[in-house]
Amino acid sequence: MAKQKSDLSRAFSEDGAVKTHVGGQALIEGVMMRGKYNWAVAVREPSGAIYVEEHDLKSGQDKNGWMYWPLVRGCRALVESLMLGFKALEIAALHAFGDEEGEQKAAAEASAEAVDYETTLTEDAETREEEEEFGHREMMISMIVGLVLGVVLFIVAPAAVTNLIVGEYDDHTLAWNIVDGLLRVAVFVFYIWLIGRMEDIKRMFMYHGAEHKAIHCFEHGLPMTPENARQFPRLHVRCGTAFLIMVMVIAILVYTIFPLNAIISGFGVPDGLPKLLLVIVARIVLMPVIAGISYEITVKWAGSHPDNPLVKVILWPGMQMQYLTTHEPDDAQMECAIAAMQTVLAREEAEAARATDATETIAAS
């Protein structure tokens, strides 16, 4: 009997004939998929139905073509992913959980005497607006807090610990950057392992696996059904997890090459906290450059050449991380991923057809 291939081996070797730029993100009881022109969220509601919502992408407009230039598109993708991710999580949170109190209230009102219909509609609309505004405000606060915690956990804390271990930055630059980078990776892996022990996050990681399987299914040109998607690996070479690991690796190289020592000596920055703060600020400022380079390597190049032996070496750490961030999904979860994927693909096909019609009209004239 032939030995069954691992998900890692299959993700590298079973590349589909259909190429796509569509990617996604796991949510609370759902999946978000993003294409060139729009993004869509599919959420499993408490009733068992799938709620689907889609929005246009401003970056997909022709007038913003510069956003797709090399390096620039990596920065755009990072910022856009953060913004869309929080918006998608907000939508998922609104539809993934039932409101038992609201249902009981609705039942009580249904049995009561009728009230003025117009007044009721107005009051209900105002209540919905207040609830949506409150939910949006909470999500914005969560996003800001999350970004601050991310900077503290993955930039400030590793830099501070490295300074204690290695010493001043300009005295041991190479060792400083290597230790700092390894600490960031260690913090990231531990963080993913820790949150992965939460039940809600475990289910989110199952939706992450469903997202990958749905994309694999499309790339292999099969009808998008849970039965067809189930056969594919839960790992994918274009996963954002691999991108994040690549960011940490590229960061070590960029920070080492960047002439920070010249800046330190030129301005006579004193040892201790002032020098450490300058190092931290430099790391934050260089993040767009690092993101742009990492995007070109992991998404554009590696995603298009999965069979290249060098690609396997470069993506191996990120692919290993996907064993933590993905779990095998059930059919209900794959249905959500497929629903979001089909919504995005429908828009892609419509835009392609519109472009073809425009070309034929110009040619005919």
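This report looks at a strand trio, a helix pair and one lysine in a predicted model.

Residues are numbered from 1 along each chain as its sequence is written. Local features need pLDDT of at least 70, and side-chain atom pairs count only at pLDDT 80 or more, while totals for chains, interfaces and linings use all residues.

Let's start with the strands (DSSP E runs of at least two residues; helices are H or I runs of at least four, all numbered from the N terminus). Strands pair if DSSP finds at least two bridges between them.

| Pair | Sense | Bridges | Residues between |
|---|---|---|---|
| S1 (residues 23-27) and S2 | antiparallel | 5 bridges | 2 residues |
| S2 and S3 (residues 38-44) | antiparallel | 5 bridges | 3 residues |

Both pairs are hairpins. Glu-29, in the turn between S1 and S2, has a positive phi of about 55°. Arg-34 of S2 is the bridge partner of Gly-23 and stands opposite Trp-39 in S3.

Not counting residues up to four places away in sequence, Lys-275 touches (heavy atoms within 4.5 Å) Glu-168, Tyr-169, Asp-170, Ile-264, Val-269 and Pro-270.

Finally, helices H8 (residues 240-257) and H12 (residues 309-325) pack at about 130°, with their axes (lines fitted to C-alpha atoms over the stretch in contact; angles run from 0 to 180 degrees between N-to-C directions) 8 Å apart.

Key
Heavy atoms only, no water.
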